[in-house]
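The sequence and the coordinates are shown first, and the points after them are grouped by topic.

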Amino acid sequence: MEIIKPLLQCLAALLLSPLLAGVINRVKAFFSGRRGQPLLQLYLELYKLSRKTPVYSRTTTWVFKAGPVIGLSALLAALAVLPFAGRPSFLTFEGDFIFLLYLLGLARFVTVLAALDTGSAFEGMGASREMQFAVFAEPAFFLGLAALARVTGQGSLAGMFGALTGESWRTAAPVLALLTASFFIVLLAENSRVPADDPNTHLELTMIHEAMALDHSGPELAYILYGAALKLWLFASLIACMVLPRHSGSWVLDSALFGLALLGMAAAVGVVESIMARLRLTKVPYLLITAFAFSSLALIFQLGR
Amino acid sequence: MLLVLLSIVILISSASLALCLGRNASRAQDAGAYGAAAASAAGLIPALQVLLTGTAETISFPWPVPLGSFTFTLDPLSAFFLVPLYILTGLSAVYGVDYLKNYAGRKPLGLAWAAFNILTAAMVLVFTAGNAVLFMLGWELMAAASFLLVLFEHEKPQVRRAAFIYLTAGGAGALMLLAAFSLLGAGSAALDFSSFPSPSRGIASAVFLLALCGFGLKAGFIPLHVWLPEAHPAAPSQVSAVMSGIMIKTGIYGLIRVLGFIKPWEEWWGWTLLIIGAVSCLLGALFALAQHELKRVLAYSSIENIGIILLALGLGMAGAACGADALAGLAFGGALLHVLNHALFKGLLFMGAGSVLHGAGTAELEALGGLAKRMPRTAPLFLAGSAAACALPPLNGFAGEFLVYLGAFRSLNSAGSTAIAGVVSGLALASAGALAAAAFTRAGGAAFLGEPRTERAAKAREAGPLMLFSMRALVLLCLLCGLAAPLLLAPLGRAVASGFGLSFSAAAAGAASVPLLYVSAGGLLLLALIALAAARRSAFLGVKMPAAGPTWDCGYAAPSARMQYGASSFSQPLTDFFQPILRKLGQYPVISEYFPGRASFSSEAQAVFFNAVYLPAAVRIRNLAFRFSWLQHGRLQLYIMYIVVTLLGLLLWKL
Amino acid sequence: MHTFAELIIVFVILLDLALAVTGSLSSCIRLVALQGVVAGLLPLLAGSGAPHARAVVFALVIVTLKGAVFPRLLMRARDKSGARRDVEPLISYPASILLCLGAFIASSWLGSRLPLPQAGVAWIVPASLATIFTGFLLITTRSKAITQVLGYLVIENGIYIFGLALFVEQPLMVELAILLDVFVAVFVMGIAIFHISREFDHIDTAELSELNDWRRGEYGK
Amino acid sequence: MIAALMLLPLAAGILAFIIRNDKARRALLLWTAKGHFLLTALMVYLQAAYGIVFDLHAGFIPALYPRVSGAVWFAYDALGVLFLGITSLLFLGASHYAVTYLAAEKRDPGEDADDGFIFNNAPEAVFTGCLLLFLAAMTAVTASRHMGLLWASVEATTLLSAPLIYFHRHKRSLEATWKYLLICSVGIALALMGNLFLGAAGLKSGAGLDLAGLLSKAGALDKPLLKAAFLFLFVGYGTKMGLSPFHTWLPDAHSEAPAVVSALLSGALLNCAFLGILRVNSVCASAGLAAFTGGILILFGLFSILTAALFMLGQRDYKRLLAYSSIEHMGILALGIGLGGGAVFGAMLGALSHSLAKAGLFFTSGVVLAAEKTKRIADVRGLWRRAPRTAALWLAGFFLITGTPPSGIFLAKFIILREAVALKHYWLAGAYLGLLAILFAGMASVFISMTFGEHEAKPGEKPFAEPSGMLGPAAAFFACVILAGVFIPGWLNDLLAAAARDIGGKL
């Protein structure tokens with residue numbers, strides 16, 4: 001049974017992650033008074049795309065095709081590290097979050113290369129911005145995890161979140177709150193959400209993640225979209241683990257709660273998207289620096305305690 | 001041990017052979033390359049043996065030179081540096097045969113090979129010398145040989161300038177090392193490493209600082225790096241690979257050796273290393289992002305990696321000073337492992353850059369593009385090397401950094417300053433990693449992907465078979481070292497034990513083995529997933545024939561190579577953000593009319609430290625010298641007056 | 001006898017002062033010759049008892065050389081070179097005097113620090129040092145090559161006073177050494193001056209400063 | 001034996017003035033050099049292997065003067081042998097070089113690059129004769145056991161080398177000769193004064209001026225007078241040796257003299273003057289004044305290095321550059337002697353290596369001058385293309401002279417540094433290293449810019465045939481310097497150590 005659990009957790013992630021995008025869209029539609037897309041729109045699109053014949057630019061090479069494949073694989077591998085409801089997945093070891101961080105880096109690396117392979121001005125632009133934001137997002141994320149490790153005294157993700165209890169929130173509430181805020185900003189930026197990016201437009205002034213996928217089609221695009229969904233799941237579950245420290249002891253109950261929390265995260269993203277305007281592109285680094293500041297403040301608090 | 005000496009003998013004799021055959025380019029090439037390859041094969045055996053068994057060997061002959069003795073020591077630390085040395089020089093030599101063919105008849109290839117083999121022999125000497133005089137002999141031979149190699153294309157003024165800076169830096173560094181060895185051996189009759197007495201605290205600190213500067217000038221960390229980005233691009237590519245992969249590591253090796261003589265360490269030494277390392281890795285990556293030439297990008301990336309190694313050493317020393325042995329052991333192990341890894345991937349990358357230079361005739365990023373089509377075999381190798389340089393799993397770059405991260409996180413749960421050290425080093429690593437990723441996607445993208453930007457790039461040709469062989473071998477090693485990192489732990493532990501102390505390796509072994517095993521498992525999982533995803537994609541595609549078309553440019557149907565994002569535009573958001581540090585020089589068009597005519601844009605990455613610190617200092621010293629030049633004004637009367645005044649002064653003062 | 005020797009020493013010092021202020025080249029040559037003669041006589045008077053025959057011969061040789069041969073040679077060199085007839089000092093005469101006096105003071109202080117074992121004749125060390133420094137003064141503050149030879153001769157006189165007054169009984173190699181030195185001064189330098197005047201038309205040493213390392217105006221940029 | 005050593009070049013020198021035939025005269029020069037070297041080698045061998053000490057009493061000179069009985073005038077101790085060996089070896093190389101050089105000059109005296117006039121060289125007979133007599137004088141310097149004789153011999157070297165410097169007979173060489181003559185004569189006059197003081201210091205105890213007497217009665221010497229003697233002798237011989245600030249003649253003379261003469265001046269003559277200082281230094285050391293003399297030597301040694309550093313930066317003339325490098329090395333030697341102890345050995349090794357390396361460099365510079373017809377650094381580019389072997393030697397010489405191992409100079413510098421550190425003269429060591437670094441940078445820029453790059457052919461330039469006769473000696477000397485850096489044979493080690501002991505150093 002214990003071996004099955006991680007398998008089930010991963011399966012849940014694989015199956016449920018496209019749902020989050022649907023939730024966000026529904027929340028946004030609700031706020032703007034529209035009916036909006038179906039909740040399962042992304043599933044449909046993935047299915048459709050997987051059956052399409054792709055069109056490849058004559059400029060591109062194997063790099064263009066390898067990008068989505070490796071990118072998705074990296075995210076899938078990241079799932080093997082990601083804790084579910086504070087419980088370990090397949091691979092849990094000291095420093096596993098570094099591995100996670102670098103897997104995300106790998107995904108970014110190949111995506112950017114694939115974008116550059118098209119020789120298009122737009123995709124180059126998107127790639128450039130992606131790398132720029134990563135430079136600010138990664139330290140913020142890293143510092144946040146460091147603070148968390150300091151709070152919990154643990155070296156692995158599952159260990160940290162497993163050790164996080166309601167008691168921790170009582171004793172280290174400011175730290176954890178700051179960290180949650182920081183992670184949330186990183187989530188928004190990394191998943192091309194407002195206010196860092198607008199996933200709905202292809203206007204060049206906003207183009208970041210979306211622009212990089214302009215030339216992809218067919219199964220490759222499906223891979224990219226599915227990868228994006230997984231990435232959102234990944235960040236959302238980290239935050240969910242943090243804000244939901246209480247462990248009932250029952251795996252089923254915890255998992256259900258955790259699933260609800262994830263949906264809540266998606267809803268929160270939708271709310272933010274609905275009530276906020278996108279930032280000017282040049283201001284995005286400052287947003288990420290804010291996240292960085294939150295993380296460092298948290299760490300400094302924690303080191304001082 | 002004897003085989004190591006044999007390798008030196010082979011190297012020297014093949015060097016002289018190559019020199020003698022200088023008139024016949026291809027035979028000189030053969031003599032040099034086969035000599036180097038044979039020496040590598042011979043030398044690898046004992047080095048691996050020592051690493052696997054952990055027994056140190058020492059051979060000593062008398063040397064009729066004051067203070068000197070032919071004492072060679074092959075302990076696991078030496079062996080750990082010798083292994084990448086032999087691997088990389090052997091492969092570089094093979095690579096060089098194809099690479100240098102272009103130059104036959106135009107350049108004295110015999111001399112180049114002689115210098116290359118002497119350089120290799122000198123590095124072997126440095127890694128095995130057990131006597132200060134012998135060490136300095138190897139050290140300076142290394143500098144002289146590489147100086148000649150840097151001057152390979154001495155017709156270019158910037159190459160001569162680079163060589164001058166390099167030579168001067170080397171000379172200054174060597175003088176500091178002499179001072180350090182003098183201090184260390186002040187009380188002993190000979191200057192054998194084993195006979196150095198334990199110095200007093202003040203002396204130890206002085207030795208530390210001297211060694212830091214002296215070895216730092218070779219290792220090339222900031223701010224002592226100024227020669228590196230000039231000299232590495234100037235040398236032939238296989239030499240750049242060796243210089244960057246191994247030669248700058250002699251500085252690290254020397255520093256570790258000297259640290260072994262001045263135990264116990266002070267905490268501030270660790271902090272010094274840590275801060276220098278952090279600054280180096282951050283600024284190195286940042287500067288790499290701003291460069292316009294592929295080999296310069298790689299050179300700055302070497303600075304970044306040296307910074308990482310130094311940072312790890314510093315973290316370890318800070319930890320050791322607080323008694324956190326496991327943390328220190330992890331950091332030291334990470335440092336050493338990164339030495340190995342960096343040698344492999346940086347050697348690969350420089351060879352890749354060399355292939356670009358060889359195939360397209362230029363390595364200017366803005367003149368390249370689309371090489372993945374013209375050089376389909378080189379491109380994946382270079383991009384894989386880039387991924388390794390960004391420490392992406394499952395390649396080898398990750399393993400070393402991972403150990404350092406582990407050490408850094410270990411420190412988080414200890415009190416006070418060690419925790420801060422851990423945070424600083426982890427943060428520096430993460431930020432530098434992100435910057436390096438930007439730099440390498442930029443370099444790889446601009447050179448290999450998209451459309452060719454110039455005629456030369458469009459007509460590039462694939463690298464020769466021997467060049468490809470060397471690069472493939474290195475890629476394979478990169479992958480192997482990444483996946484089989486847990487197997488490296490045992491030899492690594494022996495190297496740490498012999499270089500730093502037994503307690504560290506013992507404490508770290510337990511802490512590192514399980515996580516590394518998991519990392520390897522994760523890497524394998526990743527590879528499996530990639531295979532799965534690729535297979536799934538093929539399944540999706542089925543028998544459908546993908547259509548081909550122009551790049552979708554949001555409706556613009558005639559995209560040209562001039563419109564694609566170039567290297568400067570790719571990095572522009574970041575370089576603008578860091579402009580206060582980078583101080584790029586540039587000319588931006590100011591558009592003042594409604595229908596602007598031709599506009600031009602240029603930007604140039606300048607050598608910030610050199611221009612801001614070293615050049616003014618040099619000019620100031622020269623001006624000072626000129627200011628005193630009137631003393632030699634040519635008038636006899638005053639010359640004699642010097643004599644009289646001095647005599648009178650001496651008489652009045654001393655009598 | 002010693003009183004007589006001391007008188008000569010005072011005379012030598014006075015000649016130093018005179019040299020410092022003399023402007024005419026020919027007077028300078030004469031003064032140097034006179035100093036040479038006076039100094040040459042010194043060993044005959046300084047010793048106790050009758051002078052050794054060898055010493056007398058040597059003194060006569062020196063007196064002849066310095067008193068007759070050199071002045072004539074130098075006068076000829078002066079005439080040949082066709083230079084102006086004054087010494088062309090680079091500093092004013094009062095300054096020369098002051099420097100000369102300063103040299104005397106320094107010399108007497110030094111003399112007091114260096115007591116000779118055979119304190120036969122007083123003031124020997126100060127006088128000889130003072131004469132040496134006067135010679136230097138001539139070399140360093142006069143512009144002509146010929147005055148530099150003169151200065152050199154004055155230095156020689158100073159050394160001579162010291163040496164011969166001291167080693168009356170045991171001249172060792174001193175006499176030969178001094179002869180050799182004098183030989184340098186006059187013959188070799190004379191040849192050189194001859195060449196200089198042929199090459200440069202005159203013997204102003206200001207011309208002789210082409211070889212230098214002065215980077216005038218190249219610094220401060 | 002000693003008489004033979006001195007008389008051989010003396011006789012040959014006089015003969016050289018008489019011989020009319022150029023070829024015969026050149027052969028005479030060559031064979032005299034070989035004979036002198038053989039005699040030297042034989043003497044070193046006999047002295048080392050059988051302990052035979054050669055000395056020359058002045059017994060055969062008619063007893064014109066009463067003198068201290070039993071005084072030895074000429075004899076060789078280890079120090080003298082070392083310096084004799086250097087001189088003789090150097091002269092051997094120089095004679096080979098000179099023969100080729102003179103033949104080339106005879107064919108085509110060449111014209112001055114800066115002013116464009118044809119050289120009006122001095123007669124070859126005078127040149128060869130003076131060269132040989134110069135050797136005789138230097139031999140006498142190394143053999144002298146009497147301060148007066150030593151002085152006279154040094155004086156003779158000045159006189160005999162002046163015509164050598166004036167070989168080209170034009171304005172600039174005349175200026176150089178004049179300065180050399182006057183400054184060195186002044187120096188030598190001061191040294192004479194110093195000798196007199198030395199004699200005065202020993203008057204009471206009857207020490208005389210011969211070294212044996214001085215050393216044996218050192219304790220009884222009059223201290224203030226001895227100090228004065230040292231100062232005068234130091235300034236006097238220091239002028240000849242080229243210590244700053246008495247060095248001013250040196251760059252001029254070295255740059256204007258023919259390369260072979262520069263090599264002899266730098267490699268042999270400076271050492272001879274140095275020997276004078278060493279002799280009086282050992283007397284002072286025996287009298288217990290080691291700290292006094294050491295301080296002065298260190299001070300002026302360091303000041304010389306400083307001066308060299310200041311003037312080598314941005315130097316415009318490569319022969320002057322080499323001259324300043326000689327000043328630097330003289331400074332290092334003085335520093336080594338001043339530090340005493342182990343550094344003395346380093347200084348001895350340094351003297352040997354510097355002489356060879358610098359002579360080799362000057363020989364090479366002569367070929368560079370022949371190839372490029374200019375001494376201006378800025379006008380020489382891409383020597384590699386025009387004269388590859390010369391360029392290789394030029395570069396090798398640079399590495400050797402700056403103390404890049406393997407080189408005897410490296411060992412010398414290192415040993416001296418080590419001693420400074422061991423004596424806890426940290427500031428001294430720091431200043432020494434800093435100046436060496438500046439010197440290194442200054443020389444590096446010059447040698448790189450001259451050797452490498454594209455050669456710009458001057459109008460009417462013919463291909464240059466590198467004369468082996470001129471490069472051979474340089475190559476051989478460099479090989480010796482390298483050898484001294486990797487392998488010091490036992491006999492040489494013993495000789496150096498014994499020489500160091502003669503001065504008061506210990507290993």
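Two strands are said to pair if DSSP finds at least two bridges between them. The model described here is predicted.

**Strand pairing**

- Within chain B, strand E1 (residues 57–62) and strand E2 (residues 69–74) run antiparallel and are joined by six bridges.
- One residue pair can be named here: B:Thr58 has B:Thr73 in E2(B) as its bridge partner.
- The hairpin formed by E1(B) and E2(B) has six residues between the strands, and B:Leu67 in this hairpin adopts a positive phi near 70°.
- Pairing also links two chains, for E1(A) lies parallel to strand E3 (residues 547–549) of chain B, with three bridges between them.
- In that pairing, the residue opposite A:Tyr56 is B:Ala548 in E3(B).
- In general, the side chains of a regular strand alternate between the two faces of the sheet.

**Which chains touch**

- Four pairs of chains touch, and the pair with the most contacts is that of chains A and B.
- Chains A and C do not touch, and 41 Å separates their nearest C-alpha atoms.
- Chains A and D likewise have no contact, their closest C-alpha atoms being 40 Å apart.

**The contact of chain A with chain B**

- On the two sides of this contact are 64 residues of chain A and 67 residues of chain B.
- Five elements of chain A give two or more residues each to the side that touches chain B: strand E1 (55–57), helix H3 (62–79), helix H4 (96–116), helix H5 (121–152) and helix H12 (284–304).
- The greatest contribution to this side of chain A comes from H5(A), with 18 residues.
- By class, the side of chain A that touches chain B holds 39 nonpolar, 17 polar and eight charged residues.

**The contact of chain C with chain B**

- Here chain C provides 21 residues and chain B provides 18 residues.
- On the side of chain C that touches chain B, helix H4 (93–113) and helix H5 (124–141) of chain C supply at least two residues each.
- H5(C) gives the most to that side, namely four residues.
- The side of chain C that touches chain B comprises ten nonpolar, six polar and five charged residues.

**A helix pair in chain C**

- Two packed helices are described by the angle between their axes and the distance between the axes.
- For H4(C) and H5(C), the packing angle is about 150° and the axes are 8 Å apart.
- The crossing of H4(C) and H5(C) is right-handed.
- The residues of H4(C) that meet H5(C) include C:Leu99, C:Ala103 and C:Phe104, while those on the H5(C) side include C:Leu129, C:Phe133 and C:Leu137.
- This contact between H4(C) and H5(C) has eleven nonpolar and six polar residues, and no charged ones.

**Make-up of chain A**

- Chain A contains twelve helices and one strand, and its elements follow the order α-α-β-α-α-α-α-α-α-α-α-α-α along the sequence.
- The radius of gyration of chain A is 19 Å, close to the 19 Å given by the globule rule for 305 residues, so chain A is as compact as a globular protein of that length.
- Along the principal axes, the C-alpha atoms of chain A fill a box of roughly 55 × 45 × 40 Å.
- Of the 305 residues of chain A, 63% count as buried.
- Among the contacts in chain A with a separation of 6 or more, 79% are between residues 24 or more positions apart.

**Make-up of chain C**

- Chain C has seven helices and zero strands.
- Of the 221 residues in chain C, 51% are buried.
- Of the contacts in chain C between residues at least 6 apart in sequence, 75% join residues at least 24 apart.

**Make-up of chain D**

- Chain D is made up of 19 helices and two strands.
- Its radius of gyration is 22 Å, close to the 23 Å that the globule rule gives for 507 residues, so chain D is as compact as a globular protein of that length.
- The C-alpha trace of chain D spans about 70 × 55 × 40 Å along its principal axes.
- Buried residues account for 68% of the 507 residues of chain D.

How values were computed:
Residues are numbered from 1 along each chain as its sequence is written. Chains are lettered from A and ligands numbered from 1 in the order in which they are written. This is a predicted model: local features need pLDDT of at least 70, side-chain atom pairs count only at pLDDT 80 or more; totals for chains, interfaces and linings use all residues. Two residues are in contact if their C-beta atoms, placed from the backbone, lie within 7 Å. Ala, Val, Leu, Ile, Met, Phe, Trp, Tyr, Cys and Pro count as nonpolar, Asp, Glu, Lys and Arg as charged, and the others, Gly among them, as polar. Axes are lines fitted to C-alpha atoms, for helices over the stretch in contact, and angles run from 0 to 180 degrees between N-to-C directions. A crossing is left-handed if the near helix is turned anticlockwise from the far one by less than a right angle, and right-handed if clockwise. The radius of gyration is taken over C-alpha atoms; the globule rule is 2.2 Å times the number of residues to the power 0.38. A residue is buried if 20 or more other C-beta atoms lie within 10 Å of its own, exposed if 12 or fewer, and partly exposed in between; C-beta atoms are placed from the backbone.
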